[in-house]
Amino acid sequence: MKQKRFILPESEIPTQWYNVVADMTNKPMPMINPATKEPITAEDLYPLFAEECSRQEVNRTDAWIDIPEEVREKYAYYRCTPLVRAYSLEEALGTPAHIYFKNESVNPLGSHKLNSAIPQAYYCKQQGVTNVTTETGAGQWGAALAYSAKLFGLDCAIYQVKISYEQKPYRRIIMQVFDAQVTPSPSMSTRAGKDLLTADPNHQGSLGTAISEAVELAMMTPNCKYLLGSVLNHVCLHQTVIGLEAEKQMAMAGEYPDIVIGCFGGGSNFSGISMPFMRHNLKDGKHTRFIAAEPASCPKLTKGEFRYDFGDETGYTPLIPMFTLGHEFRPANIHAGGLRYHGAGAIVSQLVKDGLVEAVDIRQLDSFAAGQLFAKAEGIIPAPESCHAIAAAINEANKCKETGEEKVILFNLSGHGLVDMTAYDQYISGTLANTGD
């Protein structure tokens, strides 16, 4: 197995996050208060989110936001993460393309989600908040937040999508190791959950459903804030540490990406790897292609409609300008639980609308075939979500094989699949299907 790893010293951890909205010609439309039909202000978000996160959410002018020193100290537990030249994958494909991946799977919780969980928990602690709540699909975000809440002495309650709660018991256990209260969603513990279960006692849950329950709990619990793992602007902002490091590492390799790829659920890891490179398209005349790889069973970017929609199933959240399948859409029970979301964040939605980001949809069996090929070549078993990015990268590398072009492809390995082995077992045994395509 042949690899080359580009590793930055701890001193190179970014000191600022990059806010792409400041440099966008066509800025995302604002979120709307569904009651007043007026644009949301930071103050409108204070009851739900930490105040600093609320200010970051609506910031459209500052391209660079300082990372608090205590957050950088916590980042130093696992950052900077490696950039890897995937020589063995290139050889397996017989492609002239140069394939690189940013390995976010090496942090303590196994996925990129920690990059936003730490600052969100930090801002809550600084504000004097004592309780936090959230939703999670496959459990990467829930695990990251449970750990981050423990770091800052916060009590944490998590609603996990019921089908993922059942499919992925080890991620539930990880959350419980850090003393988080984990409830399968929909549940009987909230009004939103009761209504959904009354209408459909066999409801298997969705991220939209779990968001409704978590938001309701946050609004009903004293000194409690809701923390979100994707979709919103401030979450995507925090994830730009990925791409900012990757810029320096690509320079170490003496190359610059022609294509940047990330799997896509709500937009966090895709934005994290893409937006720092996107700024060079916006400001410096670069022509990098950006590809968001979503599941064929939940294709909001490729088959959804661009409009205002709720971020949750019940309609508790502000209206978000997004590509959406509708907030009542119930995605198929695929194993890539982190991608089972009906809508896309406002930033990526606007960039897709403007033709600056492309989208592809990947069938479940194709994603696992790509993930197993990657594992055999590079020795890393990827999360089902990350398999979608790998499949898109392989497709682009195969096009280079056909044309003879030596393009540079960069993708984000957003997490490992070591607690997703049931999914791989089903794939290898032939019992996994292209559910919901």
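**Reading the labels on a predicted model**

Me: Why is T324 called buried?
Reply: The relative accessible area of T324 is 3%, and a residue counts as buried when this value is under 20%, as exposed when it is over 50%, and as partly exposed in between (1.4 Å probe, protein chains only). Since 3% is under 20%, T324 is therefore buried. This is a predicted model, in which local features need pLDDT of at least 70 and side-chain atom pairs count only at pLDDT 80 or more, while totals for chains, interfaces and linings use all residues. Residues are numbered from 1 along each chain as its sequence is written, and side-chain values use heavy atoms, with hydrogens and water left out.

Me: What does T324 touch, and where does T324 lie?
Reply: T324 lies in strand β13; strands are DSSP runs of E with at least two residues, helices are runs of H or I with at least four, and both are numbered from the N terminus. Leaving aside residues up to four places away in sequence, T324 touches K300, G304, E305, R307, D309, H342 and G343, where a contact means heavy atoms within 4.5 Å.

Me: Which backbone nitrogen does the side chain of T324 reach?
Reply: The side chain of T324 reaches the backbone nitrogen of G326 at 2.8 Å. A polar contact is a pair of N or O atoms within 3.5 Å, and within protein one must be able to donate a hydrogen and the other to accept it, while residues adjacent in sequence count only if both atoms are side-chain atoms.

Me: What makes helix α15 largely enclosed by the rest of the structure?
Reply: Seven of the eight residues of helix α15 (residues 346-353) are buried, and so the helix is largely enclosed. The buried ones are A346, I347, V348, S349, Q350, L351 and V352, and they pack against α11 (233-238), α13 (268-284), α14 (300-303), β12 (305-310) and β13 (319-324). Just after α15, G355 takes a positive phi of about 80°.

Me: Is D179 buried or exposed, and how do you know that?
Reply: D179, in the loop between α8 (169-177) and β8, has a relative accessible area of 58% and is therefore exposed. Its phi is near 70°, a positive value in a residue other than glycine.

Me: Is V231 buried or exposed?
Reply: V231, found in the loop between β9 (224-226) and α11, has a relative accessible area of 7% and is therefore buried. Phi of V231 is near 70°, again a positive value in a residue other than glycine.

Me: How do you know that the radius of gyration agrees with a compact globule?
Reply: The rule, applied over C-alpha atoms, is 2.2 Å times the number of residues to the power 0.38. For 437 residues a compact globule would be near 22 Å, and because the protein has 20 Å, the two agree. Along its principal axes, the C-alpha trace spans about 60 × 50 × 40 Å. Buried residues make up 63% of the 437 residues, and the secondary structure comes to 18 helices and 15 strands.
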